[in-house]
Amino acid sequence: MSNSIIVIGSGFAAYQWVKSFRKLDQKTAITLITADQGADYSKPELSHVFSRGQQAIDLIKQTAIEFATEYNIELITDTVVDEINTELQWVRFNQQQSHYSSLIIATGAKSFVPNFEGNAIDKIITLNSLDELTRSHSKISTAKHITVLGAGLIGTEIAIDLATVGKQITLCDKASVIMPTLLPEFIAAEMHQVLIQKNIDVRLNTTITEINTADNKLVVSQSGKEDIHTDIVIAAMGLTPQIHLAHQAGISTNRGIIVDNMLQTSAANVYALGDCAEINGKISAFIQPIMLSALALAKTLAGTPTPLSLPPMLIKAKTPWLPLSLAGITTAADIHWHIERDNDGYVAKAHTKDQTLIGFIVAHNKQKQAFPLLRQLPSSL
């Protein structure tokens, strides 16, 4: 087959690259191969469909056919790539080999679900893709009590969304605070209190030992604590980058697929984007770094080599009971915090000992102050 640019995956990173590249190059052949149905949708909205009364189909911006037609690509759906040969520059799928001039691996990440004991592990629900939402929407809609495992950003957003529509929610995490990788203790404590006031049963410092079925219920057993009897369990415990295909091809991997600042892997003409890519030891699963990565790689493959540069980036927590925007370093042990409060909310600024601003969190109605502060932070890359 012809030497087109081949993209593996159809998530936000892959489709953002296609959109960016087509603005620069309308002619180069692109073949995109995806294991799912290939619809273009907004993944961050998966955490908010129930409070908005939406179905999975409501999140679709374009079907696979519509996307392929608009951007003039060959889009192969419901297809798993079996092998990558980086020496001969081909990928194998559907018992055929397709040669590439450049290959982009955008295989994303899957939800991390620990190997719990018990007979109900296969009943744990994850909400990391449109397909997963489609399969689980009815069960979630009819459930009265829902247990969410993971009190990070996504787990907390899901818990709030479901509580908003009247579900009884138990939120569990082995950490001692809410959103431990993003929030300092004093703000995490406020979030914790808000969730309790809204009747979410928050269980921190919790180690799940087993999940079993009993009398049409799921029983979640905790070490040293009483069991949780629930209708369904949703796991939001982080993501595991999908690297097996790259690893099998001999491409360097760590937690993710290792790339340099050109998004180049250890193999010639092979690049990685999105939740599966690791740069400088970090995986950036947020929208803005993925958009900037896709744009930089689009320019590179269109003929203008462009290293990735990441400015400080804003994270907005979709937690309407306690709106938060944050950026920079917010959880280091040696941070010196300066907090300004009034009736509209507060601005918490994180400084080093020499008073250099390294991060901030704005809460409630102080969101407009985020962007001036953002411009004061050092670049991420």
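In which handedness of crossing does α1 pass α7? The crossing is right-handed, meaning that the near helix is turned clockwise from the far one by less than a right angle. The tour below shows where to look.

The model is predicted, so local features need pLDDT of at least 70 and side-chain atom pairs count only at pLDDT 80 or more, while totals for chains, interfaces and linings use all residues. Residues are numbered from 1 along each chain as its sequence is written, and side-chain values use heavy atoms, with hydrogens and water left out.

**Stop 1: helix α1**

Select residues 12-24, which form helix α1. Helices here are DSSP runs of H or I with at least four residues, strands are runs of E with at least two, and both are numbered from the N terminus. The end C-alpha atoms of α1 are 19 Å apart, which agrees with the 18 Å that its 13 residues should span at 1.5 Å a residue; the expected span is 1.5 Å times one less than the number of residues.

Of these 13 residues, 10 are buried, so α1 is largely enclosed by the rest of the structure. Buried means under 20% relative accessible area, exposed over 50%, and partly exposed in between, using a 1.4 Å probe and protein chains only. Among the buried residues are Y15, W17 and F21.

**Stop 2**

On the α1 side, the meeting residues include F12, W17 and L24; on the α7 side, they include I287, M291 and L301. Contact means heavy atoms within 4.5 Å.

**Stop 3: L46**

Now select L46, in the loop between β3 (40-41) and β4 (60-62). L46 is buried, with a relative accessible area of 4%. Beyond its neighbours within four places in sequence, L46 is in contact with Y41, L59, L127, N128, S129, L130 and L133.

**Stop 4: helix α4**

Select residues 153-164, helix α4. Its 12 residues reach 17 Å from first C-alpha to last, close to the expected 16 Å. Ten of the 12 are buried, so α4 is largely enclosed by the rest of the structure. Its buried residues pack against several elements, including α3 (130-142), β10 (145-149) and α5 (185-197). Just after α4, G166 takes a positive phi of about 95°.
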